[in-house]
Amino acid sequence: MSAPIFPQDKVLVSVEVSLKPSSTARIDDVRSAVERMLEKRSLSYTDGPVPVPPDDQFLTENVQRICICDTDEWVQNHEILLFWQVKPVVHVFQLSEEGACEDVSGDGQPSTFNEWILPAKEFDGMWESLIYESGLKQRLLRYAASALLFTEKGVNPFLVSWNRIVLLHGPPGTGKTSLCKALAQKLSIRFNSRYPQCQLIEVNAHSLFSKWFSESGKLVAKLFQKIQEMVEEENNLVFVLIDEVESLAAARKAALSGSEPSDSIRVVNALLTQLDKLKSAPNVIILTTSNITAAIDIAFVDRADIKAYVGPPTLQARYEILRSCLQELIRTGILSNFEDCESLMLPNYGSLKEKLNMPEVQDARTLHMCKQLLETAEACEGLSGRSLRKLPFLGHAALASPYGCDPSKFLSTMIDTARRERSELPD
Ligand SMILES: Nc1ncnc2c1ncn2[C@@H]1O[C@H](COP(=O)(O)OP(=O)(O)OP(=O)(O)O)[C@@H](O)[C@H]1O
């Protein structure tokens, strides 16, 4: 989709406004102030921060950060969205600093779930840090947003059917769990005027099959009673995350074949029944992940509307992941050896081609680093996103001197490290 020309077709662009932890300002007041501020300025809309105007006392006192998000959905071929093409949709929120609240049973059993109040400080920036191609993140966001809208408008499920189960499947380390958490965080921000409270419950499926099988049934009951209570409050939006759902199917199969205690089948069945019940609540989104790419034999996953394959990073994604790592090491001063090193900005993959085609107009040092970065990204084919994010650390540990390293020298080491890591991959 390209940017519209007519005013009635203005594109809606999300502007996220994070309040300072100390702020007690009313959300509505901040939203109006930001809207006024944006109206006054002839901004071009690209993803990234908008500086808080220093002469606006109300905003400087209350606002931590203003950020334009997810314009990539509208922008192709480096087009730029200009202010008159855009209707900003301002979302104001305050991050919860409470941290994960574990369920502590106190009797030595592993906890069955973790709980966060969203939007949580831990997940801040996670969505942006996950890099995929072909609009995967946008697709997930739109699916979930449509599902919530259908519910809110009371669409009759007998006439139009939809559900709120998301399944992300793909190889290990491709960011599925992180993507679920980041999606929950994003939706909690986007829907905060409808649902002022929001929680994420991460169910630890493995712990439900602990050796205290006799206890497991009770654990499931306790967990779902808690979730049910949250859901009954209609201003609450509740996300339930179940990682590696295939472990449920495996446990059931093992129980049927007699190699596991029959208690485990009861636990799986209890869990599935509870999930089925929960599904009918309008304010719940169930997020599941699986490392198995083939069909998963679980009834409720079968019914998931929102299924997405999350694959290993492509060359472009690998370049972008490594670029963000490098920029972070430059920001923190771990890589530096020349003046202005902190202000060094490596071009993104989109503008890289152009730059490589016009070498004469480029700064020679930046150009050389881009080529090295691209070479590293090429050398990383087959590595997961998780391994890629570790690579700079391994590369750094392999350096002769850990201080003030030259970025270009560092990249040479990274290429070697990438090749070594790749050679250690199982076939
Ligand atoms: N596409 C990606 N872009 C950026 N970072 C990524 C990407 N894929 C993975 N990562 C990094 O790898 C980390 C681990 O990902 P996560 O644990 O969410 O993966 P997973 O697919 O759920 O893995 P597993 O199934 O093995 O638990 C993420 O926190 C992130 O830093």
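## Ligand shell

By class, the shell around the ligand holds 7 nonpolar, 9 polar and 3 charged residues (nonpolar: Ala, Val, Leu, Ile, Met, Phe, Trp, Tyr, Cys and Pro; charged: Asp, Glu, Lys and Arg; polar: the others, Gly among them). The model is predicted: local features need pLDDT of at least 70 and side-chain atom pairs count only at pLDDT 80 or more, while totals for chains, interfaces and linings use all residues. Residues are numbered from 1 along each chain as its sequence is written.

The ligand is surrounded by 19 residues, and Pro172, Gly175, Thr177, Ser178 and Gly385 are the closest; a residue is near a molecule if its C-beta atom, placed from the backbone, lies within 6 Å of it. Two or more residues of the shell come from each of helix 5 (176–190), helix 11 (315–331) and helix 14 (385–397). Helices (H or I, at least four residues) and strands (E, at least two) are DSSP runs, numbered from the N terminus. Domain 2 (101–309) and domain 3 (315–423) each supply at least three residues to the shell.

## Domains

The chain is divided into domain 1 (7–93), domain 2 (101–309) and domain 3 (315–423), with bounds from an automatic or database domain assignment. Between domain 2 and domain 3, 9 residues of the former are in contact with 9 of the latter (C-beta atoms, placed from the backbone, within 7 Å).

## Sheet and packed helices

An open sheet of mixed pairing is formed by 7 strands in the order 7-8-10-11-12-9-13; two strands pair if DSSP finds at least two bridges between them. Strand 7 (101–102) and strand 13 (306–309) are the edge strands, each pairing on one side only. Strand 9 (residues 165–169) runs parallel to strand 13 and is joined to strand 13 by 4 bridges. Leucine 167 has lysine 307 of strand 13 as its bridge partner.

Helix 4 (residues 136–152) packs on the sheet and touches strand 9, strand 12 (284–290) and strand 13, its direction making about 170° with that of strand 13. Helix 5 also packs on the sheet, touching strand 9, strand 10 (197–203), strand 11 (236–242) and strand 12, at about 165° to the direction of strand 12. Axes are lines fitted to C-alpha atoms, for helices over the stretch in contact, and angles run from 0 to 180 degrees between N-to-C directions.

## Backbone exceptions

Most residues other than glycine have a negative phi, and most peptide bonds are trans. Leucine 118 and proline 119 are joined by a cis peptide bond, with omega about -5°. Proline 119 lies in the loop between strand 8 (113–117) and helix 3 (126–129).

Glutamate 244 has a positive phi, near 45°, and sits in the loop between strand 11 and helix 8 (246–256).

Technical notes
Contact = placed C-beta atoms within 7 Å.
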